[in-house]
Amino acid sequence: MARTERHKIHNREAVAEMPEWMKEKNCPHKKKYMAGKRIHPKNITGKEKLTYLVDEVFLAYNSARLKEACQLFANRMLAPDVTIGMSISGALTPAGLGCSSIIPLIKAGFVDWIVSTGANLYHDLHFALNYPVHSGSFKFDDTDLRDNDLVRIYDVVIPYSDGLMATDDLLREMFMQPEFQKEMGTAELHHLIGKYAAEWERKNGLKDVSVMAAAYRAGVPCYTSSPGDSTIGMNVAGVELRGSKLRMNPSIDVNETTGIVLAAKRAGGRSGVVLWGGGSPKNFTLQTEPQIQEVLRIKEFGQDFFIQVTDARPDTGGLSGATPSEAVSWGKVDPTKLPDAVVCYTDTTIAMPILTHYALAKHKPRKLKRLYDQLPKIMKALTKEYFAHNDVKMIDGSDPVLD
Ligand SMILES: NC(=O)c1ccc[n+]([C@@H]2O[C@H](COP(=O)([O-])OP(=O)(O)OC[C@H]3O[C@@H](n4cnc5c(N)ncnc54)[C@H](O)[C@@H]3O)[C@@H](O)[C@H]2O)c1
């Protein structure tokens, strides 16, 4: 068929060589499936902005998932009524993501509460203390590194004695101060540490280099799901041998994070999560809804927004790779909100700076919710609602004091 004839053909019936059975086949859903944007990007010139690349060049596979995550975050989740929880796994602060991305997200009011591995919060302190963390190579000889008093996190190197050990010395000294001599949740612990980190920043003439200092200033509660599983926890245990009264109570954290999600819903708002990596911070962030529904027996429906960046596969059954639709079956995600759930399979070190840049470029800062300051009120409301939904008394048989 000549080219001139071919361009007039608009449907399959018009193709003369088409077999009869194919001509008869009607395609009622074809339009629907072809409704997406045509893949026809312009040549890259080097003059484009990052937001243009995300919107116009990230067209398929995980680049398209990252675009969807950026757009969902900036266009929908940053609405004023959405309370945003963020989980942080993987060695992100040693890679500089605290300074480059997490602090700007906190300052812009784009994250309202955080669940992190203890490791990210521990290594955050080297930045406040102005201790060096350097780019290196994953090919470095580890025996030689040890002989030279250095430790390696893949291609990042940190001094051992004058980095890690020096941070630990200051942590132990801090943990023996009077304000630490009690039982507390990890939001309070990190708030108290954040106050010191803010002071270290100031003394070192540094600005906005520590996540915990930024969270302290912004009133963003910062939890860790495994309080014993980091050098912060190790130092808490160390000073306990010397009679310290500092005790971390994870139940306080479970109830406070649950209270934050419930308070968001009860204020007529919505709740969303941004999950960087998996691990226990991911579950700790998401288990707030099952805690509301399954344990406290309060009627609720699950998260309204869900973004996850991970390298973990779903088919091994591990929580790190579990999809939002699997989370629906546990009551973690509202089934009617699944279209507002995105999973992007990539490395956080790539995705987090891109999402942060995109959000800051597309959305003005939000008013800080300062949830840390509201935790006593949030806990009162959670307790009140628990007793309203359950015909129970205090374990000693008395009536609960609810006001
Ligand atoms: N010095 C310390 O305090 C120290 C140091 C290292 C680890 N730890 C502890 O070990 C535990 C494990 O922490 P972890 O940070 O190694 O997490 P992890 O390796 O358990 O990560 C959890 C999951 O997140 C995903 N993930 C990790 N990095 C990612 C990335 N860059 N991009 C995308 N997905 C990613 C992976 O699927 C992984 O299975 C934590 O409790 C931590 O506190 C402590």
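Is Arg202 buried or exposed? Arg202 is exposed, at a relative accessible area of 56%. The legends below describe close-up views of this predicted model.

View 1. Glu199 is partly exposed, with 31% relative accessibility.

**View 2. Glu56 and Lys37 form a salt bridge.** The N to O distance is 2.8 Å. Glu56 is in helix H4 (residues 50-57) and Lys37 is in the loop between helix H3 (30-33) and H4, so the pair ties together parts 19 residues apart in sequence. Glu56 is partly exposed, at 29% relative accessible area, whereas Lys37 is exposed, at 51%.

**View 3. Lys369 and Asp112 form a salt bridge.** Here the N to O distance is 3.8 Å. Lys369 lies in the loop between helices H17 (348-362) and H18 (371-389), and Asp112 in the loop between helix H6 (97-107) and strand E2 (113-116), so their pairing ties together parts 257 residues apart in sequence. Both residues are buried.

**View 4. Helices H7 and H9 pack at an angle of about 100 degrees.** The axes of H7 (residues 118-128) and H9 (residues 160-175) are 10 Å apart, and the two helices are roughly perpendicular. Residues making the contact include Tyr122 and Leu125 of H7 and Leu164 and Asp168 of H9.

**View 5. Ser244 lies in the loop between helix H12 (231-240) and strand E8 (247-248).** Ser244 is buried, with a relative accessible area of 5%. Beyond its neighbours within four places in sequence, Ser244 contacts Phe175, Gln181 and Val239.

Definitions and conventions: Residues are numbered from 1 along each chain as its sequence is written. This is a predicted model: local features need pLDDT of at least 70, side-chain atom pairs count only at pLDDT 80 or more; totals for chains, interfaces and linings use all residues. Side-chain values use heavy atoms; hydrogens and water are left out. Axes are lines fitted to C-alpha atoms, for helices over the stretch in contact, and angles run from 0 to 180 degrees between N-to-C directions. Helices (H or I, at least four residues) and strands (E, at least two) are DSSP runs, numbered from the N terminus. Angles under 35 degrees count as roughly parallel, over 145 as roughly antiparallel, 65 to 115 as roughly perpendicular and the rest as oblique. Contact means heavy atoms within 4.5 Å. Buried means under 20% relative accessible area, exposed over 50%, partly exposed in between (1.4 Å probe, protein chains only). A salt bridge is a side-chain nitrogen of Lys or Arg within 4 Å of a carboxyl oxygen of Asp or Glu.
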